[in-house]
Amino acid sequence: MSEAFPTLFSPIKLGPLTVHNRIAMAPLTRQMADADGTPTDEMVAYYARRARGGLGLIVTEGTYEQDAFQSKAYLSQPGIANAAHVAGWRRVCDAVHDNGAKIIIQLMHGGRVSDPRVLGGQPPVSASATQSGGWTLYTDNDYEKGIRNIKGDWPKVTFPPARALTVEEIHAVADGFAEGARRAVEAGADGVEVHGANGYLLWQFITPKTNLRTDQFGGSPENNVRFARLVGEKIRAAIGPDKLIVLRLSQDGVDDFTGAWPGGTAYAEAVGKALSDSAFDALHWASFNYRDNRFADDPTPMPTVLKRASGKPVITNGGIEDGPQAEAALVSGAADMVAIGRPIFAHPDWAYIVRSGAPYPWLPFDRKYVIQPPLDYGHAYPMGLVDPEWPVP
Ligand SMILES: Cc1cc2nc3c(=O)[nH]c(=O)nc-3n(C[C@H](O)[C@H](O)[C@H](O)COP(=O)(O)O)c2cc1C
């Protein structure tokens with residue numbers, strides 16, 4: 001093995017957890033749980049296969065943590081809301097651990113961008129009474145269109161108007177996150193990631209344009225992150241000091257792919273400061289290109305700003321494709337760990353390939369990789385990749 005990327009392949013301590021290298025798999029929604037949210041055999045195979053590829057930490061796909069308050073966001077999304085979910089995730093966690101990686105379960109509440117088909121006729125909840133102009137994400141895979149007999153464009157399912165959570169309900173939702181975290185640990189996870197990014201409920205509080213509140217949960221960066229902080233505190237009280245708790249942040253939302261925080265890096269700095277004494281062990285920056293913060297007057301990458309302002313280790317994600325790019329993110333001060341999404345989805349052995357230094361025919365991520373059963377999740381898409389027997393780290 002070459003040691004061309006000494007930082008990338010050095011261990012890291014994130015809060016209570018030591019990880020054998022600085023490569024995390026970014027959370028990727030797959031919609032391959034059973035209809036009732038129970039993790040499936042496909043999920044066990046999919047995560048085990050990627051753990052075997054040599055990465056240090058898996059952050060799972062967004063998982064709904066409670067049945068109350070319309071937390072579920074997607075059809076066939078996994079949950080960690082009951083005993084059957086715990087049993088399913090235990091199989092995933094055991095398989096990942098057997099293959100040498102750590103795993104944290106991403107806890108997510110969809111808020112106003114939840115698929116109305118999973119809301120049971122109830123309005124979605126949000127920071128304020130607003131309505132997203134977006135629609136649920138669909139694959140545009142021709143194969144899937146064929147098996148569903150869909151001609152032309154995929155039908156779009158739009159989001160209904162959301163109602164604002166009361167302060168009492170905010171506390172109840174945070175309690176639901178804490179219970180979900182307790183169940184995640186019961187399932188054998190090494191901790192949890194709180195999803196505060198990508199347009200979902202906590203993002204709707206953190207992002208000024210969707211948070212119009214005038215109480216203690218809105219109106220300033222400190223107030224906008226108060227809900228996320230509360231979730232972190234309640235989770236810590238539920239699972240104790242020995243498990244990792246990460247908070248994921250972003251400017252983008254699934255209904256706002258060019259999102260920008262008003263004030264740019266100044267807002268990021270205020271968010272970072274407001275999280276500096278929070279219960280989170282680390283922050284995780286989500287984007288499609290972490291180098292582009294969308295503000296020409298101060299182009300400092302957002303994760304660099306958040307790291308400095310919070311004093312917390314930062315996992316940085318977005319557009320990191322190969323070893324040199326990953327090492328550069330680490331040595332530039334923009335990251336303590338990198339999270340790789342689409343490349344590890346397409347190439348489960350990404351970490352070993354990078355470490356070996358051998359030339360490899362990288363294939364670009366394609367929307368075609370967003371797939372539905374019955375397909376081969378144990379392996380990668382596209383089919384026919386080399387499948388070496390790497391040693392378990
Ligand atoms: C199909 C797909 C599903 C995703 N699901 C999630 C998710 O469940 N939770 C989350 O925080 N981010 C999710 N993301 C965002 C990724 O974690 C990541 O931020 C994005 O792919 C950019 O990173 P990359 O350039 O390494 O792929 C998803 C992205 C894609 C493409």
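This is a predicted model: local features need pLDDT of at least 70, side-chain atom pairs count only at pLDDT 80 or more; totals for chains, interfaces and linings use all residues.

A: **From a strand pair to the ligand**

Strand S4, covering residues 57–64, and strand S5, covering residues 102–108, run parallel and are joined by 6 bridges. If you want a spot to look at, find Ile58, which sits opposite Ile103 in S5. Strands of a sheet pair through backbone hydrogen bonds, and they can do that either parallel or antiparallel.

Now zoom out a bit. S4 and S5 belong to a closed barrel of 8 strands with parallel pairing, and the order around it goes S3-S4-S5-S8-S9-S10-S11-S12. On average, neighbouring strands in this sheet are turned by 25 degrees against each other, ignoring direction. Helix H2, made of residues 83–98, packs on the sheet and touches both S4 and S5. Compare its direction with that of S5 and you get an angle of about 145 degrees.

S4 also takes us to the ligand. It supplies at least two residues of the shell around the ligand, and so do strand S8 (191–198) and helix H11 (342–346). In total, 21 residues surround the ligand, with Pro27, Thr29, Arg248, Asn317 and Arg342 the closest. Sort the shell by type and you find 10 polar, 7 nonpolar and 4 charged residues.

A few of the contacts here are polar, so to speak, atom to atom. The side chain of Thr29 has an N or O atom 2.5 Å from an oxygen atom of the ligand. For Asn317, a polar side-chain atom lies 2.6 Å from a ligand oxygen atom. As for cover, the ligand on its own has 610 Å² of accessible area, and the protein covers 90% of that.

Methods. Residues are numbered from 1 along each chain as its sequence is written. Side-chain values use heavy atoms; hydrogens and water are left out. Two strands pair if DSSP finds at least two bridges between them. Helices (H or I, at least four residues) and strands (E, at least two) are DSSP runs, numbered from the N terminus. Axes are lines fitted to C-alpha atoms, for helices over the stretch in contact, and angles run from 0 to 180 degrees between N-to-C directions. Contact means heavy atoms within 4.5 Å. A residue is near a molecule or strand if one of its heavy atoms lies within 4 Å of it. A polar contact is a pair of N or O atoms within 3.5 Å; within protein, one must be able to donate a hydrogen and the other to accept it, and residues adjacent in sequence count only if both atoms are side-chain atoms. Accessible areas come from the Shrake-Rupley method with a 1.4 Å probe; for residues, only the protein chains shown count as cover. Ala, Val, Leu, Ile, Met, Phe, Trp, Tyr, Cys and Pro count as nonpolar, Asp, Glu, Lys and Arg as charged, and the others, Gly among them, as polar.
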